[in-house]
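Student: I am new to this structure and would like to learn how to read a few of its features. Where do we start?

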Amino acid sequence: TLCAPLVEEASFRGALYRLVLSRASAFSAIALSAAAFALMHGYAPPQLLIIGSLGVLFGVMREFRGSIIASTTVHFVHNCTVMIVLPLVVSLADAS
């Protein structure tokens, strides 16, 4: 959906990232915002690593692009891909 990436990117790569960056390094801002992003999702540890990795990617994009537009766009594309591909894979597995 569109709402989740907008809210999450504004919260984690917008507000939290800027707050940490004003007091520490970009590395710290990326790491802390990625960890908060992963933990907020509440998944099991293996999924936390995946979500945390996405959080790092989004944070790096935020740092190098200077805004949350790119990370929001990629986050939206990721969510849409998961929502389309996952049910397709499950349905194909059920058919076999």
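This is a predicted model: local features need pLDDT of at least 70, side-chain atom pairs count only at pLDDT 80 or more; totals for chains, interfaces and linings use all residues.

Student: Where is His 75 placed?

Tutor: His 75 lies in helix α4, which covers residues 69-95.

Student: Is His 75 buried or exposed?

Tutor: Buried means under 20% relative accessible area. His 75 has a value of 3%, so it counts as buried.

Student: What does the side chain of His 75 make a polar contact with?

Tutor: The partner is the side chain of Glu 8, at 3.1 Å. Apart from neighbours within four places in sequence, His 75 is in contact with Glu 8, and also with Pro 5, Glu 9, Phe 37 and Phe 58.

Student: How is the packing of α1 and α4 described?

Tutor: Two packed helices are described by the angle between their axes and by the distance between those axes. Here α1, residues 3-21, packs with α4 at an angle of about 140°, and the axes are 9 Å apart. That angle makes α1 oblique to α4. The crossing of α1 past α4 is right-handed.

Student: Which residues of α1 and α4 meet?

Tutor: From α1 come Ala 4, Pro 5, Leu 6, Glu 8, Glu 9 and Arg 13; from α4 come Ser 71, Thr 72, His 75, Phe 76 and Asn 79. By class, this contact has 4 nonpolar, 4 polar and 3 charged residues.

Student: Is Leu 49 buried or exposed?

Tutor: Exposed means over 50%. Leu 49, in helix α3 (residues 45-65), has a relative accessible area of 65%, so it is exposed. Between Leu 49 and Ala 38 there are 7.6 Å in space, C-alpha to C-alpha, and the two are 11 residues apart in sequence.

Definitions and conventions:
Residues are numbered from 1 along each chain as its sequence is written. Side-chain values use heavy atoms; hydrogens and water are left out. Helices (H or I, at least four residues) and strands (E, at least two) are DSSP runs, numbered from the N terminus. Buried means under 20% relative accessible area, exposed over 50%, partly exposed in between (1.4 Å probe, protein chains only). A polar contact is a pair of N or O atoms within 3.5 Å; within protein, one must be able to donate a hydrogen and the other to accept it, and residues adjacent in sequence count only if both atoms are side-chain atoms. Contact means heavy atoms within 4.5 Å. Axes are lines fitted to C-alpha atoms, for helices over the stretch in contact, and angles run from 0 to 180 degrees between N-to-C directions. Angles under 35 degrees count as roughly parallel, over 145 as roughly antiparallel, 65 to 115 as roughly perpendicular and the rest as oblique. A crossing is left-handed if the near helix is turned anticlockwise from the far one by less than a right angle, and right-handed if clockwise. Ala, Val, Leu, Ile, Met, Phe, Trp, Tyr, Cys and Pro count as nonpolar, Asp, Glu, Lys and Arg as charged, and the others, Gly among them, as polar.
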